[in-house]
Amino acid sequence: RADGSSKFAPGNRYGYFPSVSLGWNISEEAFWTARKIGLKLRASWGSTGNQTGINSYAYQALASGGFNYNGANGLALGSAGNPDLQWEKADKADIGIDLSFFKGALSFTADAFIKDTKNLLYSKPTAATTGFTTYTCNIGSMRNRGLEFSVSGTLASKGGFVWRSDFNMSFIRNKLTALLDDSEILPVGSYHALKVGKEVGSFYMIKALGIYQSDEEVPEKLYAQGIRAGDVIYEDVDGNDEIDTTSDRQFVGSANPKFTGGFNNTFTWKGFDLSVFFTFSYGNKLYEAWTGGYRMGNGKWTMLESEAKGRWTGPGTSNSTPRAIYNQTWNSTKFVNSRFLHDASYLRCRNMSLGYTLPKRWTNSLGLESLRVYVQADNLFIITPYPLLDPEVNVSLSATTMGYDFLYPSQPRTFTVGLNLKF
């Protein structure tokens, strides 16, 4: 496959993206004797191209009107252009296996893959003295590795009772493998940064270590700034007894989960049916950009009850929630810090429904083919250590800046009573 785009200069306009796949149904071979077991092996390799996220004619310097000089109409450059821009290209290799047992009553599918993305397209921040704030370029490369599997089957079938279950799980890891400058740490927004060897979506901020329990623990330079027992301890990376965003930020976690999955169970007995569907995620972090309830006297924000009751009030009372003090920003908004970075793992009951289908003799007498009544609940409950409304919210859906909340409303919990009629 070949694609062309006017976003790139004539010399880089076309990208070529081949692919190939093959499969082998081993269980259909003459030598296969386990007739109740099906086995298929799969393998594929392919390239895909990406040009999204950059403007049309991005390789050219573009000018626009509306910039007036001395009362006369004028033009000004709106973008610098980059004639060396190339297609972002992803090469993916995948191997898989499909297994079925008991003539299809139980099935298992697994896939392992490696995906290398090269020439990542990115609007890199640049010095404003150039006349621009960003410069579109191919910034580097990234590798994703993953394992995905699913199991489904009928676990019980007896006396009219049937239990069917479906389970899936994904493990995906990514890391940045190259940048324009491999030693560079490239901040992205207020909470993230890119660095070779780190995950895309990694948080980069000052790390909170706990709470000073006595004035004697406070470094002299910080004590002179008014820091006292009950205030947050931040890690002093460069060891100069001061905290600043230039030299004390560090990587403190990732917005990417270690694994995700889903689990669905369906039970039927005579005319009754019950379905329960769970989803889960483990290991990802979520930064709470809304700090109002955590400010503990900084401004006139109302405190969260949990913070007010759990605040530091003396030695040993808390090592996570600072003291309440008016008009002091050290413990809240002075730095973007890991005190507001939370574990966003969860187990959510996504859907539960209970229904009853009337017997045929009843529906026939009503002139109907079928009639089912049901009750259904969506987002019935969630189990999570995340302290605010919903661990699944995201202000940004970009891979480089995802994983922060701003007190977004949680997904609604809805209850439905319904009727399915078929004539």
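Strands, like helices, are runs assigned by DSSP; a strand has at least two residues, and numbering starts from the N terminus. In this predicted model, strand E6 (75-79) and strand E10 (134-138) each supply at least two residues to the lining of the second largest pocket.

**The chain**

The secondary structure of the chain amounts to 3 helices and 26 strands. Its radius of gyration is 29 Å, well over the 22 Å that the globule rule gives for 423 residues, so the chain is more spread out than a compact globule. The C-alpha trace spans about 85 × 65 × 55 Å along its principal axes. Of the 423 residues, 37% count as buried.

Leu341 counts as buried because its relative accessibility is 12%, and the cut-off for burial is under 20%. The C-alpha atom of Leu341 is separated by 14 Å from that of Leu389, and the two residues are 48 residues apart along the chain.

**The sheet**

An open sheet is formed by 11 strands, with antiparallel pairing, in the order E3-E4-E7-E8-E11-E12-E19-E20-E23-E24-E26. Its edges are strand E3 (19-25) and strand E26 (414-422), each of which pairs on one side only. From one strand to the next, the twist averages 10°. In a regular strand, side chains alternate between the two faces of the sheet.

Some of the strand pairs can be described in detail. Strand E4 (residues 38-50) and strand E7 (residues 88-101) run antiparallel and are joined by 13 bridges; within this pair, Gly46 has Lys92 in E7 as its bridge partner. E11 and E12 also pair in the antiparallel sense, over 18 bridges, and here Asn144 stands opposite Asn174 in E12. The hairpin of E11 and E12 has 2 residues between the strands, and Gly159 in this hairpin takes a positive phi near 60°. On to the next pair: E12 and strand E19 (residues 259-269) are antiparallel over 10 bridges, with Phe263 in E19 as the bridge partner of Phe167.

**The pockets**

Rolling a probe the size of a water molecule over the atoms shows where empty space is left.

| Pocket | Volume | Lining by residue class |
|---|---|---|
| Largest pocket | about 520 Å³ | 12 nonpolar, 12 polar and 3 charged residues |
| Second largest pocket | about 240 Å³ | 6 nonpolar, 10 polar and no charged residues |

The lining of the largest pocket comprises 27 residues, and those nearest its centre are Glu88, Leu120, Leu121, Met142 and Ala399. The elements that give two or more residues to this lining are E4, E7, strand E8 (106-118), strand E9 (121-125), strand E11 (140-158) and strand E12 (161-179). Among them are E4 and E7, the pair joined by 13 bridges, and E11 and E12, the pair with 18 bridges.

The second largest pocket is lined by 16 residues, and the closest to its centre are Asn55, Ser79, Ala80, Thr134 and Thr136. E10 gives the most to this lining, with 3 residues. No charged residue takes part in the lining of this pocket, whereas that of the largest pocket includes 3 charged residues.

Definitions and conventions:
Residues numbered from 1 in each chain as written. Predicted model: local features only at pLDDT ≥ 70, side-chain atom pairs only at ≥ 80, totals over all residues. Heavy atoms only, no water. Pairing = 2+ DSSP bridges. Helix = DSSP H or I, 4+ residues; strand = E, 2+ residues; numbered from the N terminus. Axes fitted to C-alpha atoms, helices over the stretch in contact; angles between N-to-C directions. 1 Å grid on protein atoms, 1.4 Å probe; cavity = no way out; pocket = protein on both sides within 12 Å on 5 of 7 lines; lining within 4 Å. Points joined across faces, edges and corners; volume = space filled by probe spheres on them. Nonpolar A, V, L, I, M, F, W, Y, C, P; charged D, E, K, R; others polar. Rg over C-alpha atoms; globule rule 2.2 N^0.38 Å. Buried < 20%, exposed > 50% of the residue type's maximum accessible area, 1.4 Å probe, protein only.
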